[in-house]
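Good morning, everyone. Please take a moment to look at the sequence and the model on the screen, and then I will walk you through a few parts of the fold.

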Amino acid sequence: MSTAELEISGLTAGYGGVVAVKDVSLSVPAGTTVALLGANGAGKSTILRSVSGQVKPRSGDIRLNGESLVGLRPDQTLARGVAHVLEGRQVFAQMTVLENLRLGSVRRGGGTHDETIALLLDHFPVLAEKAKQPAGQLSGGQQQMLAISRALMSRPRMLLLDEPSLGLAPVMLPTIVELIRWAQTTFGAAVLIVEQYSALALQVSTWGYVLRNGHLVASASSAELSEGDAINTAYFGVDP
Ligand SMILES: Nc1ncnc2c1ncn2[C@@H]1O[C@H](COP(=O)(O)OP(=O)(O)OP(=O)(O)O)[C@@H](O)[C@H]1O
């Protein structure tokens, strides 16, 4: 049996007449962070949606710790330990920070709401200070922090992050990086992070895959991808 936490093999997925992802294979070893990079429309979000059950694969397999996730609904993948933070800051603006956290699902064997909320608020005092304020009053970065924290309520084994840096002020990026690292060490989660802003994803990950037009075109250590023209070559198909 594979030691990888998440193993995607030969995944093809799409929408109606659109084939968004073609024959993609990748793996996220237990307890590591892997980056999925590529330009707009490359198919990155479709891969995350296929893992969490929002999109049904047309072919291929997706396994979490050896168990296939194909055909499962999002609530069923959540029950198996997959938490998906969607693109955009998905918080309920009228509800308080605490109410938003309480909406996070608790997975069986994953601790109680109160225990996990205490852990999150203890580590991120800014959320504690604003616990009773409507989430809509938080800054963009704080809302993203809250959206990720809500996903952590289930103490996931596999955390899927879609463009966590989107629309954030650069000053917030180190906080998001810290939150991802903390999630990994505290919950032992494996993380698959999708980013157009490759600098952030490569900073938190050990390995990266690059997608272009639904195909995987590069796969290398994040250190290697950070150097020279590796990313440009992979994104635009230009040889250095
Ligand atoms: N709901 C949908 N219906 C039809 N086509 C879609 C849908 N969602 C995505 N697509 C198409 O599938 C392809 C891949 O989209 P996807 O969202 O996976 O790309 P991405 O790499 O995540 O880019 P982005 O950063 O823009 O989200 C694109 O051509 C896109 O237009």
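This is a predicted model: local features need pLDDT of at least 70, side-chain atom pairs count only at pLDDT 80 or more; totals for chains, interfaces and linings use all residues.

Let me begin with strand E7, from which Met158, Leu160 and Asp162 point one way while Leu159 and Leu161 point the other way, and all of them are buried. By buried I mean that 20 or more other C-beta atoms lie within 10 Å of the residue's own, whereas exposed means 12 or fewer and partly exposed means in between, with C-beta atoms placed from the backbone. Helices (H or I, at least four residues) and strands (E, at least two) are DSSP runs, numbered from the N terminus.

Residues are numbered from 1 along each chain as its sequence is written.

Coming back to E7, five of its five residues are buried, so the strand is largely enclosed by the rest of the structure. Which strands pair with E7? On one hand there is strand E6, residues 82-85, which pairs with E7, residues 158-162, in the parallel sense over four bridges; on the other there is strand E8, residues 190-195, which pairs with E7 in the parallel sense over five bridges. Pairing here requires that DSSP finds at least two bridges between the two strands. In detail, His84 stands opposite Leu160 in E7, and Val85 has Leu161 as its bridge partner, while Leu161 in turn stands opposite Ile193 in E8. E6 itself sends Val82 and His84 one way and Ala83 and Val85 the other way, and all of these are buried.

Glu163 has a positive phi of about 50 degrees although it is not a glycine. Most residues other than glycine have a negative phi. Is Glu163 buried or exposed? Glu163 is buried, with 22 other C-beta atoms within 10 Å.

Asp23, in strand E2, also has a positive phi of about 50 degrees without being a glycine, but Asp23 is partly exposed, with 14 other C-beta atoms within 10 Å. Asp23 is among the residues that Gly10 touches, and the others are Ser25, Ser59, Gly60 and Asp61, leaving aside residues up to four places away in sequence; contact means that the C-beta atoms, placed from the backbone, lie within 7 Å. Gly10 is found in strand E1, residues 4-15, and is exposed, with 12 other C-beta atoms within 10 Å. Gly10 and Pro57 are 47 residues apart in sequence, and 9.9 Å apart in space from C-alpha to C-alpha.

Now to helix H4, residues 113-123, where Thr116, Ile117 and Leu120 are buried. They cover an arc of only 100 degrees around the axis, which puts them on the same side of H4, the arc being that of the directions from the helix axis to the C-beta atoms. On the other side of H4, Asp114, Glu115 and Asp122 are exposed. The cover over the buried residues of H4 includes helix H3 (97-103), helix H5 (125-129) and helix H6 (140-152).

Next, the ligand. The residues around the ligand are Tyr15, Val18, Ala20, Gly38, Asn40, Gly41, Ala42, Gly43, Lys44, Ser45, Thr46 and Gln196, where a residue counts if its C-beta atom, placed from the backbone, lies within 6 Å of the molecule. Strand E2 (18-29) and helix H1 (44-52) are the elements that give two or more residues to this shell, and H1 supplies the largest share, three residues.

Finally, the whole chain. The secondary structure of the protein chain comes to ten helices and ten strands, and 45% of its 240 residues count as buried. Its C-alpha atoms fill a box of roughly 50 × 35 × 35 Å, taken along the principal axes. Of the contacts in the chain with a separation of 6 or more, 67% are between residues 24 or more positions apart.

Terms used: Two residues are in contact if their C-beta atoms, placed from the backbone, lie within 7 Å.
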